[in-house]
Amino acid sequence: MDKTIIIPLQKDNQLIDLLIQHDTSVSYVISDQESFAGQSVKISYRIRMQQRAKVEFLLAFLHVQSCTIDIELDCSDDYSSAAVVVLYGLSGSQSVTINTVQKHVGKHTTSSVVARGILTDQSQVKYIGLISIQPGSSKANAGQEHATILLSRHAKVVSIPSIEVLHHDVQCLHGSAIGKFQEQQLWYLQSRGLTQAVAYRLLVHSFFAQYVNRFSQSDRLLESLCKKIV
Amino acid sequence: MQKGLNKQIVTQISAQKNEPSWMLDFRLKSLDLFEEKPMPSWGADLSDLSADDIHFYVKPIVEKRASWDDVPLEIQQTFERLGVPQAERTMLAGVSAQFESEVIYKRLKERWANKGVVFLDTETGLKEYPELFEKYFGTVIPPHDNKFAALNSAVWSGGSFVYVPAGVRIDQPLQAYFRINSASMGQFERTLIIAEPGSYIHYVEGCSAPVYRSNSLHSAVVEIIALPGAHVRYTTIQNWSENVYNLVTKRAIAHEGATVEWIDGNFGSKVTMKYPCIVLKGKQSKGQIVSIAVAGKGQHQDSGGKIIHLADDTTSNILAKSISKHGGRSSYRGLLKVAKNLKGIVSRVQCDALLLDELSRSDTYPTIDIAADDVDIGHEASVSKISDEQIFYLMSRGFSEQQAQAMIVNGFIDCFVQMLPMEYAVEINRLIELEMEDSIG
Amino acid sequence: MFYISNLSVAVQDRTVLQNCSITFQLGKVYVIMGPNGSGKSSLAATIMGHQGYQILSGSMVFADTDIVAMPSHQRAIMGIFLGLQNPTEIQGLSVIHFLKELCSLRDGKAISVADMMQQVEPLLQLVGLPQSIMQRYVNVGFSGGEKKRFELLQMLLLRPKIAILDELDSGVDIDGLKDLANGLLWYRQQYPDTILVLVTHYRHILNYVHPDVIHIMIDGSLVAVGDSSLLDAIEKDGYEQYAKRS
């Protein structure tokens, strides 16, 4: 990426319109701080991409009491590509609603949305995603993934990933997975001498790590996520 | 425009069938619900079917028989190419209702009677087994469920009533067309299947040959009760002619240790809205839905499946495949819901869609709603065209592009075809070959 | 006879074959060798008419017909066979059904499963595949060796006049190699006029199937041609010695 921009989260509702210029590549890192505890936040991003523009977003939510995030990725020009990673680590009665739209109009466009998080206590997450491939958007490649680990029986997940495709020469995939950490993995780590607490910490770390590490200036974020959960 | 549906007509229907008064009450209450409920705001485009039109479409008493000459030429030709026997053609075309299968039916009736199996049309079932009807009818799909369930509840006619006693396993699939009489293949069939503990039944309805009807609205209801340890498989192959709105509500309740499978093939109709549902009510019950949809020119297949986990240690599987071609639209609509405080839930959903050309459309609309943590839920969906590599591979062996496409599409739906009785499997493969022929413009 | 003259080919605006000319004579074994990316597979794919390859110029004449504009399946019917380097998986298409269709296609009339099995059984033995392969889906979950054996099986069934085998030996162990070579040798015995073209990286298979002519490709061009003595030269000094001096 040409550059990484850290966007501070505002306490009042935000509506941000971004135009990523042709042939540029940029990544954004947005996360909430401890001062956001108890707050309700609503953020909307509309990102339009010109030819051969490349954008990556990393959003992380740990502290807000409730949050609604709307992200609209508009791959209107050819060869544009966008990737969004939304991570959440929620406890208490925190709740996060993530709305994403991946709109493909140009040819040879790529988009991917990954929403991943861990819920404890009575926290909740709702993910609504739409991949929309318009007629004429040949060779579009769109992916969407939602994975949630539940660490409490009172936590709740709603996942509504949708796809609407109006051009045939494309590849669209989406997946949604919900459950606990695999018994098999926990056992494996413990059988090597690690305590259950350490094993959990490792699994939480690995759950988020590969998505965070892609972004520079994000190491503290990974630490905070792990600390929050374990 | 003459309204075809009112209290008088419904009362007439009930009287004609000599029904007990509770059924008449049921019908009348359902009529009220139908009038009250709005048209669904989601799903396929039903704008051509306005509330007034529905009244118009209901021909409640006698179904008029067209003559063979009235049957559209393409349908006549399709029968020819699919090799449908002459006698069946006229039946399928709604021209005559009597043919050899009545003989088969009589023989089978005797065999089943010995085991205590009941397989009748619903009206006769109501007369002969009123206690079963009072206990179960309308309990899986109450009239207020949705507008079209209400309509069906008011004017239902025909359909099957199947009762399998405890421990009885019916090895041969029970086929709907065995018991067809003039009242069936109608607009508002109502089917009720009761499988007592430990029983097994495979029920098959429909056929791959196109079924021509001048009536444009079909709104069926199917209720299945699978009591503990029972196993019910319900297979539908739908190929209604291209003028038909096919709006069906199908639901099963699986009690402890029971298994229910919906095997659903959607090939015809102008619009189909159908989401077979399984409620996993008892511990260790299992639900499986295998659905395929082929949407060609002018068609919208809006189908999928719903599974609701209400008990511990239940497992579910949905496998949905769709093909959209020549401007057709195929939409998968699904629901996977897991209630609070459950344990040991495993579910896998897989939806794959093939788009054959740039005129066609494919949608995937799943909803996953999980309120328990001891779960293992996976959902995957993909949309793409037939891979160039696969086409090249087959063409490099001498198959034409069209032949290659047909082979690949047949392979794509093989998971569904595997679940069918042999003779249907062969027909479906032939049907795909025919459909692929038409799609190469 | 099969003549390729001045063939230049591109894939998505990138030239992969430059002005290639080659003559294939009846009954001979040809080997096309070269480093990765030299264009060997592109040549094979172009001969078979893969839609990803655009012919910029040149001709390919087989049995007095220029096949440059001919769709792949017609080339197959004419007698050209390409054994793929990475045979494609086709989910849901069972081997038994596929082979039945293949035989029916070859004969121009429907063949029964029984008749098809009569032809296929001895070939299964020859290429070293178990009967159980019949219930599996084409190439799905096949090991590297199984995939190549299945390609060979199809070739033996279709009886082509020219068989191009792209890296038949890759992913195959010693025993597999012997089986494949035996299959090829048997076929050549039955049909001595067959043109066999082996596109390969390694020389192992050539210990069993002796080449008549060796072509070397580098960067999309045919840079050298000779007999089996070329093999020793390559083994000693690599392909570099044949690279075009710019």
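Which residue is the bridge partner of A:Val158 in strand 18 of chain B? Here are some notes on that and a few other places worth a look.

1. First, the ground rules. This is a predicted model, in which local features need pLDDT of at least 70 and side-chain atom pairs count only at pLDDT 80 or more, while totals for chains, interfaces and linings use all residues. Residues are numbered from 1 along each chain as its sequence is written, and chains are lettered from A and ligands numbered from 1 in the order in which they are written.

2. Now to the opening question: the partner of A:Val158 is B:Asp369, in strand 18 of chain B. That bridge joins two chains: strand 12 of chain A and strand 18 (residues 361–370) of chain B pair in the antiparallel sense over 6 bridges. Strands (E, at least two residues) and helices (H or I, at least four) are DSSP runs, numbered from the N terminus, and two strands pair if DSSP finds at least two bridges between them.

3. Elsewhere in chain A, take a look at strand 1 (residues 3–8). Of its 6 residues, the number buried is 0, so strand 1 of chain A lies largely in the open (buried: 20 or more other C-beta atoms within 10 Å of the residue's own; exposed: 12 or fewer; partly exposed: in between; C-beta atoms are placed from the backbone). Strand 1 of chain A pairs with strand 3 (residues 25–31) of chain A in the parallel sense over 6 bridges, and A:Ile7 stands opposite A:Ile30 in strand 3.

4. In chain B, the axes of helix 2 (residues 21–36) and helix 9 (residues 147–155) come within 7 Å and cross at roughly 150°. Axes are lines fitted to C-alpha atoms, for helices over the stretch in contact, and angles run from 0 to 180 degrees between N-to-C directions. Helix 2 and helix 9 of chain B are therefore roughly antiparallel (angles over 145 degrees; under 35 is roughly parallel, 65 to 115 roughly perpendicular and the rest oblique). Among the contact residues are B:Phe26, B:Leu31 and B:Phe34 of helix 2 of chain B, and B:Ala150 and B:Leu151 of helix 9 of chain B. The contact divides into 7 nonpolar, 2 polar and 2 charged residues.

5. Chain B also meets chain C, with 18 residues of chain B in contact with 20 residues of chain C. Helix 10 (388–395), helix 11 (401–412) and helix 12 (414–417) of chain B each give two or more residues to the chain B side, and the largest share, 6 residues, comes from helix 10 of chain B.

6. Finally, chain C has an open sheet of 6 strands in the order 6-7-8-3-9-10, with mixed pairing. Strand 6 (80–83) and strand 10 (221–226) of chain C stand at the edges, each with a single partner strand, so one side of each lacks a neighbour in the sheet. Within the sheet, strand 7 (residues 162–166) and strand 8 (residues 195–200) of chain C run parallel, joined by 5 bridges, and C:Ala163 has C:Leu196 as its bridge partner in strand 8.

Key
Contact = placed C-beta atoms within 7 Å. Nonpolar A, V, L, I, M, F, W, Y, C, P; charged D, E, K, R; others polar.
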